[in-house]
Amino acid sequence: MPQRPQPHQPHQPHRKTLTQFLIEERRRYPQASGGFNGLILNVAMACKEIARAVALGALGGLHGSADGAVNVQGETQQKLDVLSNAAFLRVNEWGGYLAGMASEEMEVPYQIPPQYPRGKYLLVFDPLDGSSNIDVNVSVGSIFSVLRAPEGADAVAEQDFLQPGTAQVAAGYAIYGPTTMLVLTVGNGVNGFTLDPNLGEFFLTHASLEVPADTHEFAINTSNSRFWEAPVRQYVSECVAGRSGPRGKDFNMRWIASMVAEAHRILMRGGVFMYPRDSKDPARAGRLRLLYEANPIAFLMEQAGGRASTGRQPLMSVQPGALHQRIGVIFGSRNEVERIERYHADPPGAELPNPLFNERSLFRVPA
Ligand code: F6P
Ligand code: MN
């Protein structure tokens with residue numbers, strides 16, 4: 001006879017919510033106030049709101065660019081960029097744990113309105129990364145980083161945010177794909193939570209994520225190859241050469257043009273991502289922004305056993321000079337990132353002919 005479950009024996013195994021996870025983390029620090037958990041839960045709330053808006057797609061009337069709006073980076077703002085930025089501000093300003101916020105979509109830091117208490121953290125975010133992909137229904141996401149606020153001053157200034165990645169207290173992203181996930185580090189490994197859309201709750205589904213040290217998958221926008229520096233050219237040409245080249249193995253390439261989606265793939269199965277410094281626009285040191293794109297992803301990668309670098313130094317050791325500073329970014333499987341760093345430390349000289357850059361090459365060196 002089939003056994004009927006006893007009333008005190010639930011059918012389903014207990015699933016850990018993000019709230020339970022945070023409470024259990026906090027128990028390790030008896031002196032913690034709980035404000036930090038409130039902060040993360042509010043960030044998660046903003047992400048749920050954005051997930052909903054993204055999932056409605058054209059039905060939500062929010063596809064396309066915001067009327068004439070251009071952000072501080074000179075990029076066209078999508079309607080969903082504007083909505084996502086507003087969601088982050090509204091959901092996080094009241095809690096009393098923040099001294100200020102900064103975002104890809106705002107030129108200057110956001111001050112906590114005077115009616116709310118001021119807290120000890122700073123929140124920095126890219127409210128909707130990869131937003132040029134929204135209208136084509138490809139995964140986008142929100143990236144965030146938590147820093148400590150300096151004590152004392154009433155208003156926050158740009159200078160307060162200019163902290164190296166090593167100073168981050170927490171970082172993470174939400175990815176809005178076939179499922180919505182929140183991936184988080186509080187400096188004690190990386191954990192992934194999946195949104196149950198029926199309950200509106202994030203549940204721990206990917207505990208202690210680890211990036212494999214080796215990979216055969218790389219991601220780079222090869223349309224920029226003529227602007228790359230020699231170490232990147234060498235690395236990519238060796239990957240492309242595959243089994244018959246110096247690496248002796250075939251590689252595969254991916255480019256989603258949504259960094260959060262690339263970072264997620266790498267956290268799930270390894271790989272290496274590069275948006276390196278190049279000569280495309282001499283005024284810029286790279287494409288991605290240090291404080292709210294590169295550093296939070298670097299923190300996640302390193303907490304998952306991967307590595308993140310500019311090619312010349314660990315990404316998180318870079319002292320930021322400006323809120324919207326750009327930087328060359330290389331992250332993912334540790335052995336590949338270290339190899340690319342070695343190529344930067346010891347650049348291939350002109351005396352080392354590379355057959356992949358001759359006239360039959362995919363990445364031909366311009367004459
Ligand atoms: O926010 C910058 C971003 O959208 C990243 O998500 C992505 O990796 C990159 O730009 C795509 O750049 P490109 O248009 O050069 O492929
Ligand atoms: Mn972005």
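Mentor: The count of salt bridges comes to 16 in this model, which is a predicted one. One of them pairs Arg289 with Glu104, with 3.4 Å between the closest N and O atoms. The two partners belong to distant parts of the chain, 185 residues apart: Arg289 sits in strand S14 (residues 288-289), and Glu104 in the loop between S3 and strand S4 (110-111). Arg289 also meets Glu75 in a salt bridge, side chain to side chain, again with an N to O distance of 3.4 Å.

As for the domains, the protein chain is split into domain 1 (18-206) and domain 2 (217-357). Their centres, taken over C-alpha atoms, are separated by 25 Å. Domain 1 brings 47 residues to the contact and domain 2 brings 33 residues. Between the two domains about 2,900 Å² of area is buried, and carbon and sulfur atoms account for 63% of that. On the domain 1 side, Gln73, Leu162 and Tyr173 together supply 19% of the area this domain buries against domain 2, more than any other three residues.

The polar side of the interface can be counted too. Three salt bridges run between domain 1 and domain 2, and 18 residue pairs are in polar contact across the interface, both residues of each pair being at pLDDT 80 or more. On the side of domain 1 that touches domain 2, the elements giving two or more residues are strand S3 (98-103), strand S5 (121-129), strand S6 (140-148), helix H4 (158-161), strand S7 (170-176) and strand S8 (180-185). S7 gives the most, with six residues. Sorted by class, that side of domain 1 holds 24 nonpolar, 17 polar and six charged residues.

That leaves the ligand. Ligand 1 is surrounded by Asp129, Gly130, Asn221, Trp255, Ala257, Ser258, Met259, Tyr275, Arg287, Leu288, Arg289 and Glu293. Arg289, then, is part of these surroundings as well as a partner of Glu104 and of Glu75. For Asp129, a polar side-chain atom lies 2.9 Å from an oxygen atom of the ligand. For Trp255, an N or O atom of the side chain is 2.9 Å from a ligand oxygen. For Tyr275, the corresponding distance from a side-chain N or O atom to an oxygen atom of ligand 1 is 2.5 Å.

Note on methods:
Residues are numbered from 1 along each chain as its sequence is written. Chains are lettered from A and ligands numbered from 1 in the order in which they are written. This is a predicted model: local features need pLDDT of at least 70, side-chain atom pairs count only at pLDDT 80 or more; totals for chains, interfaces and linings use all residues. Side-chain values use heavy atoms; hydrogens and water are left out. Domain bounds come from an automatic or database domain assignment. Contact means heavy atoms within 4.5 Å. Buried area is the accessible area (1.4 Å probe) that two parts lose on being put together, summed over both. A salt bridge is a side-chain nitrogen of Lys or Arg within 4 Å of a carboxyl oxygen of Asp or Glu. A polar contact is a pair of N or O atoms within 3.5 Å; within protein, one must be able to donate a hydrogen and the other to accept it, and residues adjacent in sequence count only if both atoms are side-chain atoms. Helices (H or I, at least four residues) and strands (E, at least two) are DSSP runs, numbered from the N terminus. Ala, Val, Leu, Ile, Met, Phe, Trp, Tyr, Cys and Pro count as nonpolar, Asp, Glu, Lys and Arg as charged, and the others, Gly among them, as polar. A residue is near a molecule or strand if one of its heavy atoms lies within 4 Å of it.
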